[in-house]
Amino acid sequence: MKKLTLLIFLILSSSLLIFSCSKDDDEQQEKTLKTVVKFMFNEESDLDDWSFKENDSATMIIDTEDKVEGAGSLKVQDGCCVIGAVEEYSLKKNTNYKFSFDIKYNEMPDENSCGGAFRFMLYLEHGSNWEAYGIFQEQTGWYYKEFYYNTGEEDSPIKFSIRSEVKDIWVDQFIVEEAD
């Protein structure tokens, strides 16, 4: 009887362990699936994901010295400009999305800058919807920023662009993910 009880205990314990591992794997996969876009700017080929929309006299480089995480950050230098993601991305209808990134600039705008009120703007073009999120930060150096957007009934792919109102900006860890 003791052997039978021990055998039942071992069978139940191992099936509970298998269920526990499966559940953790499913939860991890679900978290991974929520991320729509993730730009980490680690190598030169990551620049292929972005193009200039305005003022192509500026330059984009991967800065391996000044970064938040990973091997590098995107540095847009020598001019005020608009850069845009090359691809369009599909989003779900009636869903909240979080756009997050780290950003840095070393100078405050002056008469030699672009003349805009914001240091940095994120533009979203989603079918007939158009949104702009501006950053008017009174400090220099790295800081984290996030914006939220609801897709509503729109089912067109989304395009996004970044506008720099200062001569040099850095962007790192640009991530778009479903928000809870």
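**Aromatic rings and their partners**

Let's start with a charge above a ring: lysine 104 lies over the face of tryptophan 170, at 4.7 Å from the ring centre. A charge sits over a ring if NZ of Lys or CZ of Arg is within 6 Å of the ring centre and within 35 degrees of the ring normal. This is a predicted model, in which local features need pLDDT of at least 70 and side-chain atom pairs count only at pLDDT 80 or more, while totals for chains, interfaces and linings use all residues. Residues are numbered from 1 along each chain as its sequence is written, and side-chain values use heavy atoms, with hydrogens and water left out.

Now to the rings themselves. Across the whole structure, a search finds 15 aromatic pairs (rings of Phe, Tyr and Trp, the latter by its six-membered ring, with centres within 6.5 Å; planes under 30 degrees apart are stacked, over 60 edge-to-face, the rest tilted). One of them joins phenylalanine 101 and phenylalanine 147, a tilted pair at 6.1 Å centre to centre with 35 degrees between the planes. Phenylalanine 101 belongs to strand β6 (residues 96-104) and phenylalanine 147 to strand β9 (residues 143-150), so the pair ties together parts 46 residues apart in sequence. Strands are DSSP runs (E, at least two residues), numbered from the N terminus. Phenylalanine 101 is buried at 0% relative accessibility (buried means under 20% relative accessible area, with a 1.4 Å probe and protein chains only), and phenylalanine 147 is buried at 10%.

Next, tyrosine 105 and tyrosine 143 pair edge-to-face, 6.3 Å centre to centre and 90 degrees between the planes.

Key:
Helices (H or I, at least four residues) and strands (E, at least two) are DSSP runs, numbered from the N terminus. Buried means under 20% relative accessible area, exposed over 50%, partly exposed in between (1.4 Å probe, protein chains only).
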